[in-house]
Amino acid sequence: MYANMAALNHFRKSRGLNTLVLRPHCGEAGPVQHLITGFLLCENISHGLQLRKVPVLQYLYYLAQIGLAMSPLSNNSLFLNYNRSPLPEYLARGMNVSLSTDDPLQFHFTKEPLMEEYSIATQVWKLSSSDMCELARNSVLQSGFVKEIKTHWLGENWTKLGVQGNDITRTNVPDIRVAYRHETICDELAMILRAYKTSVDQHAVINF
């Protein structure tokens, strides 16, 4: 599928058309190999419940900030009840989490299924307004909306990293939280780079 999409995207780009991204259902159930493939090939995935069983893979998803569009109502009905859902832990760890509806005709009861997901998340996990706004901001960032629509919802500088990319008048996400998220992942990446350089230096000494 990925190879076919790559060929199709090359053709569409050559014609000046928009391109497609791979956003599969992944990690809701089944073997973790699905999540490994998702990490290698996808911009974001739906669900990702199985990441809770594989901390190393969860860490890779965090470092790459691969989006996780999670559906608590659907998960509660089919695989994992609310009190076992990893969503609040994923969010607290800084993973790129958003809320989605999955199968609204099957699991929801109103004409606003996404609002049901936000209401459930707020009540069940006692999420704060900052948490909910961060989930909403992540949702827009993960989406396939064109640049103009994302600019409307997130502000002119949404492509920039850290606080510079956060327009609090649009997102309602506190700058201090955005700064913390950015500084934390930068520290993690810097730590990995230092470890890599140390390893290379040690091998060079041994080989010498």
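Author: Before we start: buried means under 20% relative accessible area. And this is a predicted model.

Reader: Okay, so is Trp125 buried or exposed?

Author: Trp125 counts as buried, because its relative accessibility is 16%.

Reader: How many aromatic pairs does the structure hold?

Author: There are 3 aromatic pairs. One of them brings together Tyr82 and Trp125, with ring centres 6.4 Å apart and planes at 85°, so that pair is edge-to-face.

Reader: Where do Tyr82 and Trp125 sit in the chain?

Author: In distant parts, 43 residues apart. Tyr82 belongs to the loop between α4 (72–78) and α5 (87–92), while Trp125 is in helix α7.

Reader: Let's stay with α7. At what angle do the axes of α7 and α8 cross?

Author: Roughly 145°, and the axes come within 11 Å. Here α7 covers residues 113–125 and α8 covers residues 129–142. The crossing is right-handed.

Reader: Which residues meet there?

Author: From α7 you get Tyr118, Ala121 and Thr122, and they meet Met132, Leu135, Ala136 and Ser139 of α8. That contact splits into 5 nonpolar residues and 2 polar ones, with no charged residue.

Reader: Switching topic: how many disulfides turn up in the whole structure?

Author: The search finds 0. Take Cys42: the nearest cysteine sulfur belongs to Cys26 and is 6.1 Å away. A disulfide would need the two sulfur atoms within 2.5 Å.

Reader: And is Cys42 buried or exposed?

Author: Cys42 counts as buried, given its 10% relative accessibility. Cys133 also counts as buried, at 16%.

Methods
Residues numbered from 1 in each chain as written. Predicted model: local features only at pLDDT ≥ 70, side-chain atom pairs only at ≥ 80, totals over all residues. Heavy atoms only, no water. Axes fitted to C-alpha atoms, helices over the stretch in contact; angles between N-to-C directions. Helix = DSSP H or I, 4+ residues; strand = E, 2+ residues; numbered from the N terminus. Left-handed = near helix turned anticlockwise from the far one by under 90°. Contact = heavy atoms within 4.5 Å. Nonpolar A, V, L, I, M, F, W, Y, C, P; charged D, E, K, R; others polar. Phe/Tyr/Trp six-rings, centres within 6.5 Å; stacked < 30°, edge-to-face > 60°. Buried < 20%, exposed > 50% of the residue type's maximum accessible area, 1.4 Å probe, protein only.
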